[in-house]
Amino acid sequence: MENSKLKKLLDDMSLEEKIGQMVQLSGEFFNNDDNVVTGPRKKLGISKKQVFLAGSVLNVVGAKKTHQLQEEYLKHSPHKIPLLFMSDIIYGLKTVYPIPLGMGATWNPSLIEKAYQNTAAEAYASGNQVSFAPMVDLVHDARWGRVLESTGEDPYLNSLFAASMVKGFQKDLGKNRGIASCIKHFAAYGAVESGREYNSVDMSERRLKQEYLPSYKAAVDAGVEMVMASFNTLNGIPATGNKWLLKNILREEWGFNGILISDYAAINELVAHGFAESQQQAAKLAVEATVDIDMQSSAYVNELKSLIENGLLNVEKINDAVWRVLLLKNKLGLFEDPYRGANEKIEEKSLLTPKKRQLAREVADKAIVLLKNKDDLLPLNKHSSVALIGPYADEHELLGLWAVHGDRKESVTINQAFSEVIESKHLSVAKGTNILDDRTMLKGFGLSDESIDKMLLTDTQKETEHEKAISAAKKSDVVVMAVGEHTLESGEAGSRTDITLPYQQKQLIHDIANLGKKIVLVLISGRPLVLTDVINDVDAVIEAWFPGTEGGHAIADVVFGDVNPSGRLSMTFPYNVGQEPIYYNELSTGRSVKTSKHSSRFMSRYIDAPVTPLFPFGYGLSYHRAIYSNLNVNKNKFSSDESIKATVDIENNSYYSGIETVQLYIQDMFASVVQPEKNLKAFQQIYLSAHEKRRVTFTINVEMLKFYNTNLDYIAEPGDFKLYIGKNSQDVLETNFTLLG
Ligand code: GLC
């Protein structure tokens with residue numbers, strides 16, 4: 001539709017209709033049964049008429065369902081303005097990829113862009129038009145459950161992934177393909193104090209701009225259509241009512257003209273924050289901060305009309321918000337075709353296709369991080385006899401908490417995948433124990449007693465399973481133990497203070513280790529776990545994350561050597577939880593344990609633990625052996641309008657070919673604002689054949705040296721710099737250069 005016609009539509013709309021476009025409700029509200037006098041509508045205090053004026057719906061997916069709802073909805077719409085279908089499609093719809101923390105470990109944004117294109121195709125055919133993804137929050141604290149959804153702790157790497165995921169979702173959006181992306185949670189949600197969900201965030205504007213905003217900005221520059229405000233306060237002001245953040249930064253400084261949506265009931269929560277005295281004031285504050293859509297609260301639907309009629313709110317602000325909503329609906333072609341991609345036949349052909357599964361397997365292969373491989377135990381010989389032990393040995397639940405629409409029974413278990421590789425007589429399987437044995441915690445997740453009974457092994461069964469595990473281990477050459485977090489222990493509202501493996505899993509590992517068998521530990525988790533108390537009991541460790549639909553196949557690919565693991569951590573694994581938040585690009589402090597001249601006590605350290613993590617950012621092993629040498633720069637001094645070339649030689653000292661992620665870090669030695677000991681500024685993924693030697697070249701320019709100074713100018717300062725190139729953030733070669741004044 002021409003914008004002129006769209007503008008006329010806006011002018012023709014009643015105030016109720018306009019306000020309706022600023023409301024989003026979940027699917028159950030649209031239950032057409034008139035005598036639903038209780039339930040969601042009553043709880044929220046809104047009428048059926050108001051429901052059918054709401055401009056968008058949350059988490060209704062499926063060609064048939066969306067088609068039916070749109071058809072019914074349009075009957076109630078005075079101006080036939082189509083309903084917008086939005087949903088949490090975070091890392092896959094039916095074909096589910098590894099969690100984003102695993103995707104971050106691929107260090108391959110272009111591969112991930114393809115994954116998001118595939119997801120958009122599934123979502124499009126299922127009648128979805130907007131996804132609340134990617135989550136682009138930078139994370140430092142593994143206690144926070146939502147690190148699952150992030151690509152990690154580095155601003156540069158996160159920015160590359162943010163842009164690639166948005167482009168993947170929105171490819172050909174204007175040509176009636178793809179879906180609109182809604183990034184979240186704006187802003188700095190990943191910095192919640194103590195890693196506790198929905199907690200406060202407080203930091204300098206300088207740090208916010210230096211570390212936390214870049215990935216959102218990269219998404220805006222990539223053309224993201226929508227942004228979701230975060231639950232948290234930022235320096236005392238809830239993001240949902242934060243005019244400085246939403247209006248000044250996002251809209252005015254960055255030029256974002258898309259839709260701003262609140263998080264779930266977050267406008268209403270401005271009262272609970274103590275920021276608004278009433279729901280009416282909350283609605284006013286949110287509109288003035290330019291939040292266009294109220295997700296699942298009654299603030300806008302019940303308060304905006306009276307605010308306008310009492311002259312407390314300028315109707316132009318409503319018109320601006322509604323205009324942005326209508327523009328997106330128009331861009332998606334909904335006025336011409338309200339059903340867009342929703343087509344059962346296409347949907348059936350689009351979901352979980354072999355090609356999409358193959359890509360999911362490739363992403364899962366590349367997301368796996370090999371953390372330990374003592375005496376090159378891995379890869380296993382396909383003729384060895386293997387005991388596959390642990391609660392994840394034959395478990396379909398490999399998708400993670402946010403695979404809202406995923407189908408667990410479609411995921412390939414580790415046992416299924418192993419059975420395709422080794423003969424059955426060489427494979428014995430035993431669950432050994434429960435993933436989570438804490439009935440109180442499970443009840444705390446709202447699970448019923450009967451569902452918990454179905455989930456948990458009884459004491460007798462546990463004994464039997466334990467004996468089965470011991471005897472399986474005894475008769476095998478090697479043991480593969482599949483352990484980890486329960487799905488409900490990570491993701492939203494999954495903050496934990498103890499991020500070690502649960503007692504019963506550790507006990508099983510110790511019991512098997514006491515048999516003197518070689519053990520490969522396969523971890524299924526939504527976060528970096530503390531492995532310090534098991535790492536010495538096992539010979540090899542693979543972090544598989546929640547690996548998605550093809551998780552079992554990917555784990556088998558790596559364990560038996562069909563894939564040479566190339567994953568590199570995008571988030572630090574702590575030595576213990578007391579170190580959190582811990583991340584690689586910290587400041588050196590005045591008393592670094594590496595350089596301080598003070599006596600051993602009086603340095604920046606713990607007296608009961610090391611300051612170094614168990615596994616650092618960028619870390620991961622492979623079956624090949626990369627030897628780095630000859631780091632050189634073509635000149636040691638350059639001015640801001642020049643650049644320098646850095647070269648490094650890498651030899652693959654093995655007969656395995658594989659992917660090597662060559663990482664480049666820079667340290668500004670002296671600056672008006674102290675800079676981190678290392679900042680990732682570039683990386684290259686190269687494919688090395690067996691015994692191949694390659695020279696890799698990087699270009700270094702002034703852009704890589706910029707930071708926010710005390711005036712919040714983004715500048716580079718002349719002076720000395722260190723250049724590091726290596727296989728992770730610790731294991732690097734070093735040289736230096738100077739930026740001339
Ligand atoms: C949740 C999450 C957000 C999600 C939204 C809709 O509370 O914070 O990430 O998109 O509600 O489900």
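1. Domain bounds here come from an automatic or database domain assignment. For this chain that gives domain 1 (364-573) and domain 2 (626-739). Before going on: this is a predicted model, where local features need pLDDT of at least 70 and side-chain atom pairs count only at pLDDT 80 or more, while totals for chains, interfaces and linings use all residues. Residues are numbered from 1 along each chain as its sequence is written, and side-chain values use heavy atoms, with hydrogens and water left out.

2. How do the two domains sit? Their C-alpha centres are 37 Å apart. Contact (heavy atoms within 4.5 Å) involves five residues of domain 1 and eight residues of domain 2.

3. On area, domain 1 and domain 2 bury about 500 Å² between them, with 49% of it on carbon and sulfur atoms. Buried area means the accessible area (1.4 Å probe) that two parts lose on being put together, summed over both. Asn564, Ser566 and Arg568 lose the most on the domain 1 side, together 76% of what that side buries.

4. Arg568 turns up again in a salt bridge with Glu660, at 3.6 Å, N to O. The count between the two domains is one such bridge, taking a side-chain nitrogen of Lys or Arg within 4 Å of a carboxyl oxygen of Asp or Glu. The domain 1 residues that touch domain 2 split into one nonpolar, two polar and two charged; Ala, Val, Leu, Ile, Met, Phe, Trp, Tyr, Cys and Pro count as nonpolar, Asp, Glu, Lys and Arg as charged, and the others, Gly among them, as polar.

5. On a 1 Å grid over the protein atoms alone, a cavity is a set of points where a 1.4 Å probe fits but cannot get out, and a pocket is an open set with protein on both sides within 12 Å along at least five of seven lines; lining residues have an atom within 4 Å of a point. Grid points are joined across faces, edges and corners, and a volume is the space filled by probe spheres set on the points.

6. The second largest pocket holds about 300 Å³. Leu436, Asp438, Met441, Glu489 and Arg496 lie nearest its centre, out of 18 lining residues.
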